[in-house]
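Work through the exercises below with the sequence and model at hand. Each task is followed by a stepwise solution.

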Amino acid sequence: MNMKRLYRLMLAVVFAAGITLIIPNAAAQTQIYTTANNQGESAQALDGYQLYAENGRFMLYINEEQGFLILQDKEGTTWKSVPDNHMEDPLAQGGTRLAMESLIQVKYSDRLGNVNPINAKTASVKKGGLTCKKIANGALLTFAFPREGFSIPIEIVLAEDYVDVSIIAKDITESEEVYKLTTVSVMPYFGAAGSQAEGYIFVPDGSGAIIEMNRPDRFIEDYSQYVYGREYSTTRIQHDVMAETVRMPVFGIKNADHAMMGIITDGAGRAIANASVNGKRCSYNNAYMEFIYRDSDMVLIEKKAQTVRVLEQNPPKPGRYRIRYFFLEGKDANYVGMAHRFGEWLLGEQKSSVSAVPLYMEIMGGIMARESFLGFPVNRVVPLSTYSDVQEMTKRLASLGADKLAIDYVYWNKDGTGAAIPNGIKPEGRLGGKKSFKNMLNFLKQNGTEIYLDFNFTDMVKSRWGFNTRFDSASSIQRSPALQYAYRINDLKAILTEPQFLLNFIKIKQAAGKVADAADKYDFTGVSANTLGQKVYSDFSGKTVKRDTADKEIQSILRGLKDAKEKQLLSEPNAYAVEYADHITDTPIYSSGYMVETYTVPFYQIALHGRVAMSTPAINTMSDPQQGVLKAFESGIGIKYHFIMKNCNRLESTPNNDIISSLFDDWAEEAAEKYVEIKDVLNTVAAQQIVSHRVITQDVRETIFSGGVKIYVNYGNRDFSERGITVKAGGYTVSGI
Amino acid sequence: MVKISTKKLITFLAATLIVGMLGSFSAGALTSEAPYYSYRYDHWGSSVPTAQTYLPERTVSGITIGAGALKSPTDIFSTPDNEIYVLDSGNNRVLVMDRDMKLLKELGPMESDGKPMSMMEPISIFVSNQHKKIVIADKKAGVLIFDLSLKLIDTLKSPNSNILPKDFFFAPVKAIMDSAGIYYVVSANCYQGALQYDERGVFLGFYGSEKITLTADTLADYFWKQILTDKQAANMKRTVPVEFVSFTVDKNNFIYTVRKGNDVTQGQVKKLNALGENVIPEKVFGDRGTETMLADIAVDADGFITVLDSRSGRLFQYDGESNLMFAFGGKGIQNGLTQNPVAVESLGDKLLLLDGQTGLITLFTPTDFAKNVRKAVLLCDDGKYRQAMEPWGAVLKQDNLYELANRGLGKAYEGMGDFKKAAKFYKVAFERELYSEAFSEYRGDILRHNFLVFMLGIILSVVAPVIIVILRRRNKKSVYDVKIGRFHYPVYCMLHPFIGYTDLKERKKDSVLAANVLLLAYFIVSIIERQLTGFAFNYNRTDKFNLMFSLLSTIGFFAAFTICNWSITTIQEGKGRLKEIWNYCSYALLPYIIGTVVVVIMSNVLTTNEASFISMARFIVYAWTAIGLIMAIKEVHMYSLGRTIWTTILTLAGMLVILLICALSYNILSQLLEFIGSIYAELKMM
């Protein structure tokens with residue numbers, strides 16, 4: 001910002017200040033209450049309903065007066081937007097009962113920045129705000145909220161074996177200046193199960209988690225997680241909970257022999273997965289998706305030492321936010337069935353291109369650190385694994401029997417961790433230089449070792465021509481660059497001194513294009529644009545995209561990168577990135593362990609098994625690597641190690657000081673040994689689907705693959721026996737091979 | 001309005017001014033075996049990640065063990081034979097479980113005649129199988145002493161003793177008993193220590209109270225209290241010894257006390273012997289650089305101390321020497337986290353954590369990593385360093401930088417006579433003393449092997465200057481006859497501080513070029529001193545170096561001095577011009593430049609035992625420099641000695657003023673920039 005501009009700005013401010021002083025603050029403050037009304041009408045009978053649409057599988061009924069919905073599945077059961085007997089629920093208060101009768105619930109921000117929830121029944125339907133319209137194969141319901149001034153159209157369309165429910169975002173209107181719509185929850189009690197129901201809620205936490213319904217020892221707390229993690233472009237001074245990220249925009253409810261699941265097909269980046277259990281506010285168990293229409297950020301005002309909510313100015317109008325509901329019956333009505341349906345939706349009939357399971361290695365090249373040169377401090381790359389070290393590692397592992405390797409080489413590039421956004425393929429001199437780099441690639445190629453070069457297109461450490469940290473970065477809601485912090489480990493506060501920036505997606509496309517163009521010059525297996533698969537974020541400046549469509553943008557970038565080298569490896573990718581990966585490393589193997597969850601399931605792996613080659617996270621960073629091996633067996637995926645060759649002492653007091661157990665010499669033998677131990681079994685099942693997965697106890701699990709192979713694993717510290725099968729503590733048993 | 005807009009400025013300033021940054025983690029690096037990191041504090045006091053140490057094995061509730069939900073439980077206790085007692089205060093009962101967390105019995109309190117009674121506000125429970133007693137501290141009812149079937153035997157009430165202050169109010173929050181049957185009771189808001197009762201309930205006196213030591217603070221307090229009114233004095237922060245929040249007893253009857261930790265930064269935990277004396281080092285307990293609220297302590301059979309911080313929900317485990325081994329845990333609604341942790345208890349090498357809000361008990365199991373650390377620490381305590389090598393090796397495999405392991409391995413190698421390796425490990429562990437010892441051992445080896453070279457070197461460095469001096473003396477002329485080159489003057493002034501500057505002033509032979517070269521050398525040497533001083537003597541963070549800061553503290557300082565001196569002396573009839581002051585003073589730095597290099601070299605070959613040589617060398621260098629500097633100022637202004645000293649003092653005062661002005665204008669400037677930034681941000685939002 002130059003001085004002239006500043007001066008002009010200051011002048012403008014003086015004027016603006018004058019004007020605000022002259023015009024009195026006219027708009028009066030209004031208070032909003034959600035009325036607690038106990039006289040909600042029952043919706044038990046079908047007689048208030050009208051048939052809106054019907055196809056070979058479904059019949060859609062709508063109660064125009066009440067705004068209720070019933071979906072009859074001709075191959076299964078009847079699904080209602082309002083749970084049965086909700087008026088008799090002893091736990092639910094009047095307000096909750098009305099909420100249960102609402103097809104949508106919204107939250108809005110008032111002039112003070114407080115966010116209030118209201119339900120459609122109270123604030124719209126009862127005030128005559130609902131209009132219903134028949135459309136081809138479905139219905140269009142428009143909820144007008146007369147007091148708050150919102151109009152929200154919801155479209156329900158029947159298809160061959162699913163039902164699409166969309167919020168038509170582009171037609172949402174807000175007419176009152178003071179009320180701003182923030183979120184819309186879609187059919188929050190659709191498929192809700194009562195206190196007698198037997199079943200569970202599936203939530204997409206990490207690898208996936210199950211919330212068993214109505215357990216006497218249940219922990220009564222809501223589940224709520226942002227899909228793909230919280231918006232990266234918001235201010236995060238304090239690191240909140242350490243939780244797994246929702247990588248899949250999906251949820252499900254299983255009730256006896258019936259199950260329903262919802263997949264977000266559009267706008268997943270702006271959704272929150274929610275679930276609530278019997279006892280929290282009513283006796284029902286429900287799960288639903290909530291869409292963020294208008295995001296907001298809490299900004300600290302230092303002078304007043306308080307935080308205020310800053311609202312997103314222009315919410316994106318992506319067309320629609322859409323959830324696709326599938327209904328599963330009988331033997332498919334469980335999380336395995338849900339996972340298969342999800343995998344099918346994601347990848348269709350795709351089969352894995354990888355025949356043999358390799359030993360996955362993430363090798364870290366060089367870090368940018370302060371070194372002493374003749375006593376003088378200089379910032380330069382400290383090599384952790386040079387190009388010739390990589391050769392050494394593969395040789396050593398091969399000699400120990402690990403014959404098939406796949407390497408994800410990170411920070412191999414010029415400047416290591418201190419690199420600017422890549423715009424080509426540039427080896428680092430301190431790692432050996434161009435010649436050594438080529439030697440390494442040749443060597444690996446001759447040995448049949450796959451090497452993927454990691455490119456970080458999202459995180460800007462410093463500017464480069466064309467990629468300026470200030471002007472080309474994604475903006476926060478306050479329209480300044482969205483700063484990305486590292487956090488202190490003891491109080492989880494952000495370290496404000498060295499923020500990083502996020503490159504906006506237009507610029508990422510440019511950078512990725514350049515890298516794709518340069519890829520021919522070197523002979524490596526493929527690109528791994530790991531952070532693109534993991535991070536999706538908005539640019540609130542309005543110049544580029546926001547999270548509602550950023551996933552589509554990333555898909556086209558990843559497609560370009562994959563085309564450049566045919567193959568691609570991605571680490572823990574979100575659902576949108578999965579189809580561009582041949583290998584997926586670091587698949588989530590845990591859930592966040594919320595106490596409301598009963599146990600963790602490998603939903604992610606079940607959905608993708610046989611379609612993509614996968615691995616665990618680096619097991620040498622776990623406290624007990626054997627647990628990682630068991631995780632690999634449970635879901636039939638490969639194992640991964642994280643390696644550096646030397647200079648581990650130099651990582652102290654750098655941002656990479658969490659790399660503490662990666663020294664190759666310490667782990668090489670163990671890695672080869674474990675790989676040799678597992679590879680035959682895993683190769684057998686590599687191309688197969690997981691047809692059954694059973695949690696026998698918290699510690700013992702059984703997985704059956706389509707070829708008939710059965711694998712039992714036991715995470716506990718006691719041996720387990722069942723029907724002649726014994727699984728040792730910390731061990732596994734394979735049968736049917 | 002928005003903080004972000006001035007971030008760049010703050011970033012820049014912080015980067016230039018703040019030396020040393022705390023350890024960090026990047027948000028993406030979590031391997032989520034648990035919803036928390038295990039960490040420790042490194043040598044510099046920064047928190048750094050370590051391998052996972054304790055993981056939640058299981059969480060049990062009253063319902064899972066078949067006793068119905070717990071209601072505001074307040075304490076948990078495990079006996080030496082691993083029976084677990086839970087004080088379920090809200091339900092007026094005590095639950096007893098075995099080591100597998102299976103319910104053994106549910107006890108309801110009874111009066112001595114067998115009628116059920118209700119406790120009023122029970123806070124803590126202690127069970128002595130030896131004495132067949134259950135001791136429950138009830139904040140309102142006093143200390144209730146039950147038999148093992150929870151039938152009341154006795155109640156300890158507020159003692160009638162004249163050593164108690166008038167306003168003493170008995171509110172027991174913790175009561176324990178040692179193997180001799182002596183009761184120790186902590187009462188809320190009691191600053192005298194723990195109350196001691198004998199086995200029949202007779203008050204014995206206070207135990208473990210902290211002595212008030214006479215410090216400047218207490219003196220100042222005393223002074224103010226004389227002046228202020230009673231009411232004002234009451235508002236002052238009291239410097240009384242702080243109340244204990246919890247304590248425990250080990251099998252050898254040592255009492256461990258813990259205080260909240262919001263008032264002291266170290267020594268929060270004490271291990272007291274029968275005389276009430278602390279026998280462990282007063283190191284930092286709990287988190288550093290952030291608010292803590294230590295709430296409970298547990299000591300296991302191996303003597304490891306675990307402390308609970310109820311504010312952060314974290315647990316800290318220490319060895320018998322108060323060294324933090326690791327910290328872990330946190331608050332939240334995930335497995336392994338708690339919402340309102342109230343008590344920690346050890347169960348073998350496992351830990352039990354009680355959540356008073358949810359009534360859940362979490363059982364934490366040590367990972368292999370933690371087990372190895374504990375094993376190795378115990379072996380080292382017994383002096384079995386060789387045997388400790390294996391577990392330490394395993395520890396280093398999972399945390400390459402674990403300081404205690406490096407120290408332990410250093411000890412082992414030292415014991416084996418491999419001093420070079422020992423020194424290497426000590427260096428990683430930042431053990432300067434131990435490093436120095438090991439280094440002195442193999443320095444001897446090096447000396448022996450290269451004796452001839454060393455002797456030659458010493459002879460040359462001593463004899464050569466002597467010869468040069470003798471040779472020069474031989475054809476010595478009168479000072480005034482010597483023709484000294486312009487660039488020879490710095491050396492000449494160094495060697496002849498008393499006549500050199502006079503001569504320089506007379507002949508006006510000073511050179512800006514020479515001065516600037518010297519200043520550059522001064523700057524370089526100061527960096528060399530900071531970065532290359534031998535490990536045993538170097539307390540700087542060589543990995544956190546700030547060029548700007550070095551520049552300011554050397555050349556910046558020098559420039560400020562010169563300018564101040566010039567402005568002071570111009571009104572004090574000084575004859576020196578600014579350029580002259582600059583030149584003369586920089587000439588005076590030459591002994592410092594040369595001397596520092598020598599000191600740096602010495603620091604790399606000497607050990608801490610020989611530190612006095614270095615101090616001596618430093619003293620000589622400083623004295624020499626100071627004399628030169630004073631002579632330079634004296635001669636450049638043609639002052640008397642007294643006046644020189646006076647103006648020097650004024651100069652230093654002037655520098656202080658400059659510093660103040662700089663700080664002030666920096667403050668104003670940054671506020672202005674922040675203001676502009678916030679306006680900019682507001683405009684952008686419009």
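Predicted model: local features only at pLDDT ≥ 70, side-chain atom pairs only at ≥ 80, totals over all residues.

Residues are numbered from 1 along each chain as its sequence is written, chains are lettered from A and ligands numbered from 1 in the order in which they are written, and side-chain values use heavy atoms, with hydrogens and water left out.

**Exercise 1.** State the mean pLDDT of chain A and find where the pLDDT is below 50.

Solution. pLDDT is the predictor's confidence in each residue, from 0 to 100. For chain A the mean is 90, and 93% of its residues reach 70 or more. The pLDDT is below 50 over residues 18-45 of chain A, a stretch that has 34 contacts beyond near neighbours in sequence (contact: heavy atoms within 4.5 Å).

**Exercise 2.** Is A:Gln66 buried or exposed?

Solution. Begin with its place: A:Gln66 lies in the loop between strand E2 (58-63) and strand E3 (68-73) of chain A. Helices (H or I, at least four residues) and strands (E, at least two) are DSSP runs, numbered from the N terminus. Next, apply the cut-offs: buried is under 20% relative accessible area, exposed over 50%, partly exposed in between (1.4 Å probe, protein chains only). A:Gln66 counts as buried because its relative accessibility is 12%.

**Exercise 3.** List the buried residues of helix H11 of chain B and the helices they pack against.

Solution. Helix H11 of chain B covers residues 497-507, and its buried residues are B:Pro497, B:Gly500, B:Tyr501, B:Asp503, B:Leu504 and B:Lys505. These pack against helix H10 (489-495), helix H14 (578-587) and helix H16 (611-637) of chain B. After H11(B) comes B:Lys508, with a positive phi near 50 degrees.

**Exercise 4.** Describe the contact between chain B and chain A.

Solution. First, the residues: 78 come from chain B and 76 from chain A. Second, the area: the two chains bury about 7100 Å² between them, 60% of it on carbon and sulfur atoms. Buried area is the accessible area (1.4 Å probe) that two parts lose on being put together, summed over both. Third, the salt bridges (a side-chain nitrogen of Lys or Arg within 4 Å of a carboxyl oxygen of Asp or Glu): the count between the chains is two. One of them joins B:Asp100 to A:Arg718, with the closest N and O atoms 3.8 Å apart.
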